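Thanks for coming, everyone. Please bring the model up on your screens, and we will walk through it piece by piece.

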Amino acid sequence: MISANNITLRLGKRALFEDVNIKFTEGNCYGLIGANGAGKSTFLKILSGEMDSTEGEVAITAGERLSFLKQDHFQYDDCTVLDTVIRGNERLYEIMKEKEAIYAKPDFSEEDGIRVSELEADFAAMDGWEAESDAESLLNGLGVSEHYALMKDLDGTQKVKVLLAQALFGNPDILLLDEPTNHLDLDAVAWLEEFLNNFENTVIVVSHDRHFLNQVCTHIADIDFGKITLFTGNYDFWYESSQLILRQKQESNKKKEEKIKELKEFIARFSANASKSKQATSRKKALEKIELEELQASSRKYPYIDFKPERSIGNDVLEVTDLTYVEDGETVLDGISFLLGREDKVAFVGPNEHATTTLFRILMEELRETGGRFKFGLTTSRSYFPKEPGNIFDEKISITDWLMQYTEERDVTYVRGFLGRMLFSGDDSLKKINVLSGGEKVRCLLSKMMMSGANILILDEPTNHLDMESIQALNNALIKFPGVVLFTSHDHQFVQSTANRIMEITPAGTLIDKMCTYDEYMAADEAFRKRTVWTAGEK
């Protein structure tokens with residue numbers, strides 16, 4: 001067991017955590033969630049001992065070993081892959097190396113013999129004889145085959161897998177994981193999910209991958225209001241529960257406010273009436289007893305995203321015939337053809353992201369196809385979310401002035417109200433667009449798309465740079481959108497819950513087109529899972 005007791009962390013005058021008390025017990029997996037800046041990674045560092053809190057303490061059951069997924073890709077550059085994994089249990093690794101050094105001595109003494117026998121006893125007690133095979137099993141499960149290569153010779157994706165294997169090695173009693181699915185292929189993610197579901201000790205994980213949290217978590221620890229609240233169940237259960245609790249509090253307050261209004265009106269009318277004075281006094285006492293629920297301002301903010309087409313889409317949507325594109329002598333698109341229906345929501349998946357972006361840009365007439373043709377139906381209108389916005393945010397104008405360019409409503413109040421729903425409140429709407437963060441730029445582009453009234457939405461990685469709350473809001477908006485959607489995203493749940501059709505452009509530039517869900521597509525194609533890497537969007 002690991003517990004945080006009265007943990008407070010102050011950064012200047014701001015308290016990131018205030019008197020946090022929480023216990024994490026054996027056999028459970030806790031998803032640590034919260035808005036950007038809420039302190040998820042910071043709290044893991046406090047639990048691991050890498051960072052001190054201002055007040056309070058972390059208690060770990062005596063004799064238990066804690067393992068923390070490290071993201072330092074260069075710390076073990078001179079170690080072999082296998083040694084790096086075994087160093088997940090540093091004490092075991094030290095025993096191995098000391099044994100090797102003693103056995104390598106040319107003048108092995110009696111004292112050395114006594115020492116090595118002690119080491120062998122400790123080594124056996126720690127299952128040292130299984131260490132290499134256990135490490136190899138972890139590496140194989142994550143898709144790492146170069147067990148004796150030096151870490152410095154691996155690419156970034158492989159290094160991430162080795163560091164994850166290191167954290168998992170040796171059956172730690174407490175396992176802390178900060179974004180463990182970053183840069184894993186889908187097979188490795190599935191393997192990790194199964195590993196954690198079978199893991200019998202304590203796991204605390206931070207992840208932006210809602211699907212992963214749903215698969216592995218038994219509890220959700222929600223950081224908000226400077227506190228951590230524990231919910232039993234996975235991410236979806238937490239989301240539904242938290243929304244229900246908020247609605248219940250709001251409805252309770254509404255009923256109480258109506259009652260307060262009724263009592264005040266009675267008291268005002270009859271307090272001077274002798275025959276009604278007792279009733280008025282009684283109502284005054286009843287009024288004093290009514291307490292409204294305190295609704296704290298959450299650090300978690302959900303933007304209001306709602307795409308409303310100005311006209312319904314007809315039966316003729318989009319026909320693509322033998323579309324080809326050649327770039328610098330390389331074939332990016334090789335004669336692809338497809339026909340869209342009026343209810344299609346198409347996710348483009350797989351590792352050839354450049355080809356998908358190229359197709360989207362051709363459909364938006366930003367690039368000219370090399371061969372073939374495409375034709376949109378007469379009733380269609382398009383709106384585009386580019387992966388790279390280019391110089392669209394280079395001007396030194398306010399967000400309000402920027403958005404005014406894309407709406408027929410010339411009313412500043414209307415535009416500012418719109419921006420307020422997209423979390424640009426007050427003076428935020430006056431910020432210059434050239435200094436916006438990645439997430440703010442995404443919300444601006446989505447605002448522009450909503451104002452367009454288009455019935456075909458083309459979105460290239462819209463979930464990059466968004467926090468979980470904004471992803472959830474966009475996800476819900478696309479699910480209920482009555483038009484056609486073409487999109488890409490690295491968010492598993494976003495794709496699975498939105499798309500009814502899957503397309504993949506292969507490395508050769510050809511098209512695979514299936515009328516199915518994302519999970520069904522993955523289940524049918526083992527090679528696809530191995531070539532597709534999960535990367536959480538930058539937040």
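Three strands make an open sheet in the order 2-1-4, and the pairing is antiparallel. Strands here are DSSP runs of E, at least two residues, and helices are runs of H or I, at least four, numbered from the N terminus. Two strands pair if DSSP finds at least two bridges between them. Strand 2 (14–24) and strand 4 (55–60) are at the edges with a single partner strand each, so one side of each has no neighbour in the sheet. On average, neighbouring strands in this sheet are turned by 15 degrees against each other, direction ignored.

Strand 1 (residues 2–11) pairs with strand 2 in the antiparallel sense, over 7 bridges. Isoleucine 2 stands opposite phenylalanine 24 in strand 2.

A word on the source. This is a predicted model: local features need pLDDT of at least 70, side-chain atom pairs count only at pLDDT 80 or more, and totals for chains, interfaces and linings use all residues. Residues are numbered from 1 along each chain as its sequence is written, and side-chain values use heavy atoms, with hydrogens and water left out.

In what order do its 6 strands run? The order is 5-6-8-3-9-10, in an open sheet with mixed pairing. Strand 5 (66–68) and strand 10 (227–232) are its edge strands, each pairing on one side only. Neighbouring strands here are turned by 20 degrees against each other on average, direction ignored. Strand 3 (residues 29–34) and strand 9 (residues 219–224) pair in the parallel sense over 5 bridges. Glycine 34 stands opposite isoleucine 223 in strand 9.

Now look at helix 1 (residues 40–48). Helix 1 lies across strand 1, strand 2 and strand 4, at about 55 degrees to strand 2. Helix 1 also lies across strands of the other sheet, including strand 3 and strand 6 (174–178), and runs at about 150 degrees to strand 6. Axes are lines fitted to C-alpha atoms, for helices over the stretch in contact, and angles run from 0 to 180 degrees between N-to-C directions. Contact means heavy atoms within 4.5 Å.

Helix 6 (residues 156–168) lies across strand 5 and strand 6, at about 160 degrees to strand 6.

On to helix pairs. The axes of helix 6 and helix 7 (residues 186–198) come within 13 Å and cross at roughly 5 degrees. Helix 6 and helix 7 are therefore roughly parallel. The cut-offs: under 35 degrees is roughly parallel, over 145 roughly antiparallel, 65 to 115 roughly perpendicular, and the rest oblique. Lys161, Leu164 and Leu168 in helix 6 meet Ala188, Trp191, Leu192 and Phe195 in helix 7.

What about helix 9 (residues 235–270) and helix 10 (residues 277–289)? Their axes come within 9 Å and cross at roughly 150 degrees. Helix 9 and helix 10 are therefore roughly antiparallel. Among the contact residues are Ile260 and Phe270 of helix 9, and Ser277 and Leu287 of helix 10.

Last, charges. How many salt bridges does a search of the whole structure find? The search finds 21 (a side-chain nitrogen of Lys or Arg within 4 Å of a carboxyl oxygen of Asp or Glu). Aspartate 83 is in helix 2 (residues 81–86) and lysine 97 in helix 3 (residues 90–103), 14 residues apart.
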